[in-house]
Amino acid sequence: MAIATQIAQIMFPLVAIITIGFIVGLRRAPDLQSVNEVNLYIFIPALVFSALLQHEFEIASYLYLGIAAILLVFITAIAAVPIVRLLKEDYLTIAPPLMFHNAGNIGLPLITLALGEKGLAAALILFLAGNITHFGLGAYMLDHHAKWYRSMFSPPILAAVLALAFQHMDILIPGYIFLPLDMLGNIAVPLLLFSLGVSLANANLGHWKLGVIVGTLTPLVGVVIAILLSYLLPLDEIQIASLLLFGALPPAVMNYLFAQRYLQEPNKVSAIVSIGNALAIITLPVALIYILPRYPIL
């Protein structure tokens, strides 16, 4: 009963905000493209910068977690080969949604709610690793002429580098300057959830069977690989739990945007992303049932 209550407390804020976004999306169908760009360029970097400074982040202690996140993506790319053959689909349509998880819209709030303040740094590392691999490897997979190294200069990455530089040089930011940065960062996560709800309201469900299959396989394959990596790498309990939650996440919304940009069967990818994220209301509680009893410190 205690586990059920804990899961309900973790999931309710996520479901509530996504549902509000979904309702607004059905009734108003707002175009959030510019809002999402502001979130990527302003609010998320502010969150990364303020959170890393506020929690005295030590990059060395999270090195293996970052490596684990990147390895999870690459191993999934290999695991996708037999899955694609069984489904008789294009590898570039199926593999990216399996590989690149929704570490932003759902991952940041989920890991923070599940693991508390200790999980925030881990959530940020996983988000940044996912950001680098998706904008780097993900773009290169769909277009070999894409400049993969540009992912290293995305606003969240630059914000992380700046925060670590400030820490290393013991530069203190006055409270009156830090406060607005912290306030801007607090906008990022609710806006990510709200935007996800709006996008689900406008989902393309023409390939719903494929969406159900891949949407279910994404967290299943992710968790299995995360469990394997947890035995191979020296991770502490918070990092293992956060990696398992990272693996359990649904496909990233960015998969659809990339498929649309590079004309890689966007209708199929849209169904996979939309249904995969809708199924998260079932798959994430299942993952939490597995994770929470094994890590009583959480």
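Ala29 sits in the loop that links α1 (2-28) to α2 (33-54), where helices (H or I, at least four residues) and strands (E, at least two) are DSSP runs numbered from the N terminus. The model is predicted: local features need pLDDT of at least 70, side-chain atom pairs count only at pLDDT 80 or more, and totals for chains, interfaces and linings use all residues. Residues are numbered from 1 along each chain as its sequence is written, and side-chain values use heavy atoms, with hydrogens and water left out.

The protein chain contains 12 helices and zero strands. With 298 residues, a compact globule would have a radius of gyration near 19 Å, and the 18 Å of the protein chain agrees with this; the radius is taken over C-alpha atoms, and the globule rule is 2.2 Å times the number of residues to the power 0.38. The C-alpha atoms fill a box of roughly 55 × 40 × 40 Å along the principal axes.

Of the 298 residues, 51% are buried. Buried means under 20% relative accessible area, exposed means over 50%, and partly exposed lies in between (1.4 Å probe, protein chains only). Among contacts with a separation of 6 or more, 85% join residues 24 or more positions apart, a contact being heavy atoms within 4.5 Å.

The largest nonpolar core has 83 residues, and Leu65, Leu108, Leu110, Leu243, Phe246, Leu284 and Leu288 touch the most other members. Helix α6 (residues 117-142) gives the most to this core, with 11 residues. Such a core is a set of buried Ala, Val, Leu, Ile, Met, Phe, Trp, Tyr and Cys residues joined through side-chain atoms within 4.5 Å. Leaving aside residues up to four places away in sequence, Leu288 touches Ile7, Ile10, Met11, Leu110, Ala114, Leu245 and Pro293.

Most residues other than glycine have a negative phi. Ala29, however, has a positive phi near 45°. Glu265 likewise has a positive phi, of about 45°, and lies in the loop between α11 (254-261) and α12 (266-291). The table lists the accessibility of these two residues and of Gly175, which lies in helix α8 (residues 175-201).

| Residue | Relative accessible area | Class |
|---|---|---|
| Ala29 | 48% | partly exposed |
| Glu265 | 30% | partly exposed |
| Gly175 | 54% | exposed |

Gly175 and Ile3 are 172 residues apart in sequence and 39 Å apart in space, C-alpha to C-alpha.
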